[in-house]
Amino acid sequence: MEDNYIEIVKTAVKAIDSKRGDDIEVIKVSSITVLTDYFVIATAGSNTQLKAIADEVEFKLSQQGIEPHHIEGEKTEWICLDYVGVVVHILLKDRRDFYQIERLWEDGEKVDIDNLIIKE
């Protein structure tokens, strides 16, 4: 099943990048929690961009027949799209700085996504 999850990760990262999400990180956490296998974390510059990124991730995955199990925070500064094996967190910068999700999961394995994002 994990191979399916990496495809969700790739699609989500590309969708976030296409809407100019910042500081995209992917952490593989399957060896340290049963909650999910991967976290995708990204920063949005505004509430409008936050919503646009979340909508794009949902749209691109929906095109592949993949629907979220659950969505949280659609009217807040942090949107969480739960695809069971992959949880996508999109936060405004101040929320991301405050919660520091990456530090909570620093025992996880960082996934190299350089080949998935467009270099400027």
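Contact here means heavy atoms within 4.5 Å.

Before I go on, a word on what we're looking at. This is a predicted model, where local features need pLDDT of at least 70 and side-chain atom pairs count only at pLDDT 80 or more, while totals for chains, interfaces and linings use all residues. Residues are numbered from 1 along each chain as its sequence is written, and side-chain values use heavy atoms, with hydrogens and water left out.

Back to H89. You'll find H89 in strand β5, residues 86-92; helices (H or I, at least four residues) and strands (E, at least two) are DSSP runs, numbered from the N terminus. So is H89 buried or exposed? H89 counts as buried because its relative accessibility is 8%. The cut-offs, with a 1.4 Å probe and protein chains only, are under 20% relative accessible area for buried, over 50% for exposed, and partly exposed in between. The side chain of H89 also has a polar contact of 3.1 Å with the side chain of W78. By polar contact I mean a pair of N or O atoms within 3.5 Å; within protein, one must be able to donate a hydrogen and the other to accept it, and residues adjacent in sequence count only if both atoms are side-chain atoms.

Now hop over to E25. H89 and E25 sit 64 residues apart along the chain, with 9.9 Å between their C-alpha atoms. E25 belongs to strand β1, residues 22-28, and E25 is buried too, because its relative accessibility is 14%. What does the side chain of E25 make a polar contact with? That would be the side chain of K110, at 3.1 Å. Not counting residues up to four places away in sequence, E25 touches F39, V40, I41, R96, E102 and K110.

Let's look at another histidine. H69 is in the loop between α2 (47-63) and β3 (70-72), and H69 counts as exposed because its relative accessibility is 58%. Beyond four places in sequence, H69 is in contact with D82, Y83 and V84.

V84 is in the loop between β4 (78-82) and β5, and V84 has a positive phi, near 65 degrees, without being a glycine. Why mention it? Most residues other than glycine have a negative phi. V84 is partly exposed, at 45% relative accessible area. D23 is another non-glycine with a positive phi, about 50 degrees. D23 sits in strand β1 and is partly exposed, at 48% relative accessibility.

Okay, zooming out. How many helices and strands does the chain have? There are 4 helices and 6 strands, and along the sequence they run α-β-β-α-β-β-β-α-α-β. The radius of gyration is 13 Å, close to the 14 Å the globule rule gives for 120 residues, so the chain is as compact as a globular protein of that length. That radius is taken over C-alpha atoms, and the rule is 2.2 Å times the number of residues to the power 0.38. Along its principal axes, the C-alpha trace spans about 35 × 35 × 30 Å. Buried residues make up 45% of the 120. And among contacts between residues at least 6 apart in sequence, 62% join residues at least 24 apart.
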